[in-house]
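Here's a quick briefing for anyone opening this structure for the first time. Have the sequence and the 3D view ready, and take the topics one at a time.

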Amino acid sequence: MSQIQMSRIDLLPKVTSYLSSPKQLLIDGVFRDATDGRSFQTIDPSTARPLVSVAQAGIDDVDLAVAAARRAFDEGSAWSRFTPRARARLLWTMGDLLEQHADEFAQLESLDNGKPVGSAKEGDVATAAELFRYFAGWATKMEGTTIPMSSDIREFHAYTRREPVGVVAGIVPWNFPLVMACFKVIPALTAGNTVVLKPAEQTPLTALRLGELFLEAGLPPGVLNVVPGFGDAGAALAAHRDVDKVAFTGSTEVGKKIVAAAGGNLKKVSLELGGKAPNIVFDDADIDKAIVGSAHAAFFNQGQCCVNGSRLYVQRAVFDQVVEGVSRIATAIRVGGAFDPETEMGPLISDEQYTKVLGYLRDGAAGGATPTSGGDRVDREGYFVRPTVFTNVTEEMAIHQEEIFGPVVTAVPFDTVDEVVRLANNTRYGLAAGLWSRDIGRAHKVGARLRAGTVWLNTWHADDVTLPRGGYKESGWGRELGSFGLDDYTQLKTVIAEL
């Protein structure tokens with residue numbers, strides 16, 4: 001870490017110490033360099049300056065990690081002898097440890113990702129701790145069923161068992177690095193699997209620190225392996241014949257590649273992919289609440305959230321009022337560095353994402369869309385973009401159809417319920433949707449017609465670890481969290497005995 005960076009932020013001593021040496025891969029309970037010696041630098045999005053050097057996993061490292069996970073899973077291993085109660089205790093201990101280190105994890109997440117440190121602590125780290133405690137309760141409650149069989153000649157006893165899948169590859173994105181890692185690792189371990197985790201190359205730090213905590217909590221070597229790297233490492237995991245399941249969160253384009261790679265041994269695949277969520281405001285809504293909620297829906301987490309309400313449909317009678325209100329909020333949002341206590345929106349994750357979002361802003365304006373707020377970059381070091389609202393948008397525009405993954409919302413007027421349902425569903429995605437109306441009957445009826453895995457009525461981003469998450473159409477396969485989140489990490493076995 002550069003001396004300039006170190007002197008710029010009053011970091012916790014633990015964080016300073018953690019960043020003082022290169023970060024290594026975690027394989028079979030040991031931190032080690034990559035086999036070929038490669039490494040890469042992580043970048044602080046708030047300054048565009050390097051943070052720390054991280055070992056870069058390649059195909060040989062993936063092979064070693066998968067082999068370690070297989071040994072840790074196999075019959076007779078220390079992990080295979082963990083009872084459900086022992087797994088529950090370990091997960092609960094991890095929740096306590098994460099809470100004890102909350103400030104440290106929040107600072108690491110903010111340095112790596114750019115999100116405001118308060119948001120990282122109160123949102124990401126707190127949610128991760130809650131996930132450990134929630135799934136700790138499920139470790140002892142994964143039950144089978146008895147099923148009566150019909151036979152006039154012989155008598156049988158038939159029942160089902162839920163058993164772990166085996167070796168799970170978790171491939172996670174950079175927008176919620178710690179939480180997304182926990183989405184994969186925690187339910188996998190709850191069910192008794194072992195894991196090879198590949199964090200996004202932009203944000204590996206909290207995943208590696210989480211691996212350290214797991215070892216401190218008593219997780220046997222090889223049960224969790226962490227291999228930071230680039231696309232070649234992810235591709236190797238997806239295609240690996242000794243991986244039994246891939247759990248991926250990221251873009252639809254990469255998700256399709258994972259499906260193709262997984263075909264070699266027909267491994268199980270679960271996917272949470274892209275989104276372009278419609279947010280509908282009817283003219284009978286509580287307009288003040290809808291304006292505040294729609295701004296939150298659009299700009300949460302710097303707009304880098306797959307369930308953000310980035311397509312705003314407003315009934316014509318209140319269109320100008322709602323657009324003016326959301327634009328006013330957007331203009332007032334304080335954009336700044338992750339450690340500035342006044343910051344409400346941090347930078348985008350990387351130069352690549354920054355360039356991509358600015359390209360959409362330019363193309364939208366060139367195509368005839370009108371920015372009523374934002375529309376450009378913030379003139380300072382780092383990857384900062386102003387929260388943007390576009391009007392004069394057509395359904396065919398790229399800014400309205402493609403996932404921008406930045407603080408950009410397109411506003412379109414509508415007249416009738418049937419019209420807005422058709423427009424809302426006019427997307428290849430189906431991750432989330434929402435609407436605002438005082439007519440609760442209409443809200444539920446329209447919500448039922450929206451083709452999305454999560455539908456919010458008179459709110460947005462309300463969530464809980466007990467609720468399933470996932471999408472329709474090209475937004476993915478399967479569900480995460482809640483009791484449903486364990487299904488994809490188990491195999492259902494039928495046992496039949498003649499009595």
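What follows is a short tour, grouped by topic.

This is a predicted model, so a few ground rules apply: local features need pLDDT of at least 70, side-chain atom pairs count only at pLDDT 80 or more, and totals for chains, interfaces and linings use all residues. Residues are numbered from 1 along each chain as its sequence is written, and side-chain values use heavy atoms, with hydrogens and water left out.

**The annotated domain**

- UniProt, in an unreviewed entry, gives residues 33–495 the annotation "domain: Aldehyde dehydrogenase"; positions follow the numbering used here, feature names are shortened, and annotations may be inferred rather than shown by experiment.
- That stretch, residues 33–495, is 38% helix and 19% strand, with its end C-alpha atoms 45 Å apart.
- Helices (H or I, at least four residues) and strands (E, at least two) are DSSP runs, numbered from the N terminus.

**Glu272, a residue flagged in the record**

- The unreviewed UniProt entry lists Glu272 for "active site".
- You'll find Glu272 in strand β10, residues 268–272.
- Glu272 is buried, with a relative accessible area of 4%; buried means under 20%, exposed over 50% and partly exposed in between, using a 1.4 Å probe and protein chains only.
- Setting aside neighbours within four places in sequence, Glu272 is in contact with residues including Met180, Phe248, Cys306, Arg469 and Glu480, where contact means heavy atoms within 4.5 Å.

- In α15 (residues 417–424), the buried residues are Val420, Val421, Leu423 and Ala424.
- Looking down the axis of α15, its buried residues fall within an arc of 165°, so they line one face of the helix; the arc is that of the directions from the helix axis to the C-beta atoms.
- Over on the other side of α15, Asp418 and Arg422 are exposed.
- The cover over the buried residues of α15 includes β11 (278–281), β12 (311–315), β15 (408–414) and α16 (440–449).
- Thr416 caps the N-terminal end of α15, with a side-chain oxygen 3.1 Å from the backbone nitrogen of Glu419.

**Rings and charges**

- There are nine aromatic pairs in the structure.
- To pair, rings of Phe, Tyr and Trp (its six-membered ring) need centres within 6.5 Å; planes under 30 degrees apart count as stacked, over 60 as edge-to-face and the rest as tilted.
- Trp456 and Trp460 are both buried.
- The charged end of Lys23 sits over the ring of Tyr18, 3.8 Å from its centre, which takes NZ of Lys or CZ of Arg within 6 Å of the ring centre and within 35 degrees of the ring normal.
- Arg133 lies over the face of Trp92, 5.6 Å from the ring centre.

- Thr127 sits in helix α6, residues 117–138, and is partly exposed at 31% relative accessible area.
- The side chain of Thr127 reaches the backbone oxygen of Gly123 at 2.6 Å; a polar contact is a pair of N or O atoms within 3.5 Å, where within protein one must be able to donate a hydrogen and the other to accept it, and residues adjacent in sequence count only if both atoms are side-chain atoms.
- Not counting residues up to four places away in sequence, Thr127 touches Val179 and Val465.
- Lys141 is in the loop between α6 and β5 (156–164), and is partly exposed with a relative accessible area of 43%.
- The side chain of Lys141 reaches the backbone oxygen of Gly137 at 2.6 Å.

**Glu163 and its partners**

- Glu163 is in strand β5, and at 19% relative accessibility it counts as buried.
- The side chain of Glu163 makes polar contacts with the side chain of Arg161 at 2.7 Å and with that of Lys493 at 3.1 Å.
- Leaving aside neighbours within four places in sequence, Glu163 is in contact with Tyr489, Thr490, Gln491 and Lys493.

- Ala217 is found in helix α8, residues 205–217.
- Ala217 and Met94 are 123 residues apart in sequence, with their C-alpha atoms 6.4 Å apart in space.
- Beyond residues up to four places away in sequence, Ala217 touches Leu90, Thr93, Met94 and Leu97.
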